[in-house]
Amino acid sequence: MIILPYLLGLCIALIAIALAGIAAHRNLIVIMLGIELIFVASTIALVSFFSYGTSPGPGGIMMLFSIWTVAAAEIITVIALYVFMRSRGIGFDVSKLSRLKW
Amino acid sequence: MAPDLFFIAISMITIGAGLAVFLSRRLLHSVIALTFAFIGSALVFIYLGQTFVALLQLFVFVGGLSTYLIVAVASEAAKENFSYVRFVPMLAMIILGLSTLLAVSGYYPGRVASSFVAMSASAISRYYPVLFMLGLLLFSTVIGSILVMKRFLKLVV
């Protein structure tokens, strides 16, 4: 059986790939895919602590539900952003979104 | 204790898929690669003996991914020219930083197996206001997105 550091190593690799990809890309959809990858890594870390190490308890379950909820909300938000940016003819390049204005 | 071959294979699939999300040239390929990353994470959960979590993970993310796929297929925009010069050093730096953080923390406990399903029952009874808030968050996100899309539909129709 494997032990916790290997699982945390997997999470570190996924988070590092996602952060580097988010920093290197300017496409909105790709950035959101990177954030989804971070959610996956955090879920793996949390479930690893359920199986190995100190159990997070019921509070950990709520954290897991929160991660899933935020991931689902992010998907909804990115679709709305996609439609909005297409309607304004902005495209997917986030570097053009220089002003936080409606 | 060294990890066994199955875990190494699952990790390679997940990490390879994660890399392919950013290194593939087409947006659709990125989405398909993310699907493999989700499948890899579900396999990790099955390997850890948490099959219920694996099932939930697939339910949540397959639903989301189908939406992403529609967007990726619908969009005709190609990805921008990707610069490996920016990506590779950044990846190395982040891996180094996070690994150092893990090594410094020195947290290597023994195995304490806990049942996800058994704890879910007590979590639902104890934290039901939090569940209500999460539902409210999701509902408000849906309403907000509908309002944004309504503006777009007014422009089109």
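Among contacts in chain A between residues at least 6 apart in sequence (C-beta atoms, placed from the backbone, within 7 Å), 58% join residues at least 24 apart. The structure is a predicted model, in which local features need pLDDT of at least 70, side-chain atom pairs count only at pLDDT 80 or more, and totals for chains, interfaces and linings use all residues. Residues are numbered from 1 along each chain as its sequence is written, and chains are lettered from A and ligands numbered from 1 in the order in which they are written.

Chain A contains three helices and zero strands, helices being DSSP runs of H or I with at least four residues and strands runs of E with at least two, numbered from the N terminus. Its pattern along the sequence is α-α-α. Of the 102 residues in chain A, 44% are buried, with 20 or more other C-beta atoms within 10 Å of their own.

The model reaches ipTM 0.84 and pTM 0.77. For chain B, pLDDT (the predictor's confidence in each residue, from 0 to 100) averages 75, and 69% of the residues score at least 70.

Helix α1(B) packs with helix α2 (residues 27–47) of chain B: the axes come within 8 Å and cross at roughly 155°. The two helices are therefore roughly antiparallel, the term for angles over 145 degrees. Residues making this contact include B:F6, B:F7 and B:I10 of α1(B) and B:L34, B:F36 and B:Y47 of α2(B). By class, the contact residues comprise 14 nonpolar, five polar and no charged.

Note on methods: Buried ≥ 20, exposed ≤ 12 C-beta atoms within 10 Å, placed from the backbone. Contact = placed C-beta atoms within 7 Å. Axes fitted to C-alpha atoms, helices over the stretch in contact; angles between N-to-C directions. Parallel < 35°, antiparallel > 145°, perpendicular 65-115°, else oblique. Nonpolar A, V, L, I, M, F, W, Y, C, P; charged D, E, K, R; others polar.
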